[in-house]
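Let's take a walk through this fold, from the overall layout down to a few single residues. Keep the structure open beside you as you read.

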Amino acid sequence: MGWMGTEANWDDVWTAQGIDVDDVMLEERTVRWQAIERHVISQFGGFDHLSIVEIGSGHGTNAIQFVRRGARA
């Protein structure tokens, strides 16, 4: 299974890597995030009152962006 085989291995990954605040701030400038933001505003009128879950998709950078705009994660 490699390094992704156990919960303990994931704990080691997150302990060693952590969240880079610069990466979170840089994400706002990406075409990817700008497309997500436009879509959310188009479909839901904004981020307020949204509840989101981001599972197994990295450091939670998008979840942080959602929360910064009023969603609950």
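Starting at the N terminus, the elements of the protein run α-α-α-α. That makes 4 helices and 0 strands, where helices (H or I, at least four residues) and strands (E, at least two) are DSSP runs numbered from the N terminus. A word on ground rules: this is a predicted model, where local features need pLDDT of at least 70 and side-chain atom pairs count only at pLDDT 80 or more, while totals for chains, interfaces and linings use all residues. Residues are numbered from 1 along each chain as its sequence is written, and side-chain values use heavy atoms, with hydrogens and water left out.

Of the 73 residues of the protein, 21% count as buried; here buried means under 20% relative accessible area, exposed over 50%, and partly exposed in between (1.4 Å probe, protein chains only). As for contacts, meaning heavy atoms within 4.5 Å, take those between residues at least 6 apart in sequence: 44% of them join residues at least 24 apart.

Just after H4, Gly-70 takes a positive phi of about 115°.

How do H3 and H4 meet? Their axes come within 12 Å and cross at roughly 45°; axes are lines fitted to C-alpha atoms, for helices over the stretch in contact, and angles run from 0 to 180 degrees between N-to-C directions. The two helices are therefore oblique to each other, given that angles under 35 degrees count as roughly parallel, over 145 as roughly antiparallel, 65 to 115 as roughly perpendicular and the rest as oblique. On the H3 side the contact is made by Trp-33, Ile-36 and Val-40, and on the H4 side by Asn-62, Gln-65 and Phe-66. Sort these residues by type and you get 4 nonpolar, 2 polar and no charged. For that sorting, Ala, Val, Leu, Ile, Met, Phe, Trp, Tyr, Cys and Pro count as nonpolar, Asp, Glu, Lys and Arg as charged, and the others, Gly among them, as polar.

Now for the largest nonpolar core, which has 8 residues: Trp-33, Val-40, Phe-47, Leu-50, Ile-52, Ala-63, Phe-66 and Ala-71. Such a core is a set of buried Ala, Val, Leu, Ile, Met, Phe, Trp, Tyr and Cys residues joined through side-chain atoms within 4.5 Å. H3 and H4 are the elements that give two or more residues to this core. Not counting residues up to four places away in sequence, Ile-52 touches Ala-63, Phe-66, Arg-72 and Ala-73.

Over in helix H2 you'll find Glu-27, which is buried at a relative accessible area of 8%. Leaving aside neighbours within four places in sequence, Glu-27 is in contact with Arg-32, Trp-33, Thr-61, Asn-62 and Gln-65. Leu-26 also sits in helix H2, but this leucine is partly exposed at 45% relative accessibility. Leu-26 and Thr-61 are 35 residues apart in sequence and 9.8 Å apart in space, C-alpha to C-alpha.

Last stop: His-49, in the loop between H3 and H4. At 81% relative accessibility, His-49 counts as exposed, and its phi is near 75°, a positive value in a residue other than glycine. Most residues other than glycine have a negative phi.
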